[in-house]
Amino acid sequence: MYSKHSSSDFQLPWEPHTQRQKHKDQHSDKADVVQYIKYGAGIAAGITVVSWIKRKIQSIPVVGVLATPFLCLMPTMLLGTAVGAAVVYGIDEGDPTAAQKKLLPSVSAGARRLPCS
């Protein structure tokens, strides 16, 4: 069976790690924590902004009454999470449309596979 790691790369938990591997693992853990914090903050900000925008649209006298049924179809938690994660991904990549460029081919391919009525 093919393995990605050779037997020399594999260490059991009770075997001593070398100092270099510990440093590498710590750096990786710190980078992961930073990514979790960035995406968590982005998701929280996205949910807050989407909720705020929906409340502002609903507070407009005539538009709010007409828009409320459509706004109810967009769940704040799902839409805010997606918006927040997409913004953080775009900032990380240095391109505001990076998430769109990455997801658009997959969405288009999936839409082509759906049966048309």
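This note goes through the predicted model shown above, from the whole chain down to single residues.

1. Basis of the model. The structure is a predicted model, in which local features need pLDDT of at least 70 and side-chain atom pairs count only at pLDDT 80 or more, while totals for chains, interfaces and linings use all residues. Residues are numbered from 1 along each chain as its sequence is written, and side-chain values use heavy atoms, with hydrogens and water left out.

2. Overall fold. The protein chain holds four helices and zero strands, and along the sequence its pattern reads α-α-α-α; here helices (H or I, at least four residues) and strands (E, at least two) are DSSP runs numbered from the N terminus.

3. Of the 117 residues in the protein chain, 13% are buried, where buried means under 20% relative accessible area, exposed means over 50%, and partly exposed lies in between (1.4 Å probe, protein chains only). Among contacts (heavy atoms within 4.5 Å) with a separation of 6 or more, 55% join residues 24 or more positions apart.

4. Surface. The accessible surface of the protein chain is about 9,900 Å², and 67% of this belongs to carbon and sulfur atoms; such areas come from the Shrake-Rupley method with a 1.4 Å probe, and for residues only the protein chains shown count as cover.

5. A nonpolar patch. Met74, Leu79, Val83, Val87 and Ile91 make a nonpolar surface patch of about 420 Å². Patches consist of residues with over 30% relative accessible area and no salt bridge, with like charges joined within 9 Å and nonpolar side chains (Val, Leu, Ile, Met, Phe, Trp, Tyr) within 5 Å.

6. Salt bridges. Two salt bridges are found in the whole structure, each being a side-chain nitrogen of Lys or Arg within 4 Å of a carboxyl oxygen of Asp or Glu. In one, the closest N and O atoms of Lys38 and Asp92 are 2.7 Å apart; because Lys38 lies in helix α1 (residues 19-59) and Asp92 in helix α3, this pair ties together parts that are 54 residues apart in sequence. Lys38 is partly exposed at 33%, and Asp92 is partly exposed at 32%.

7. The other pair. Asp95 and Lys101 meet in a salt bridge of 2.9 Å, N to O, with Asp95 partly exposed at 22% and Lys101 exposed at 55%.
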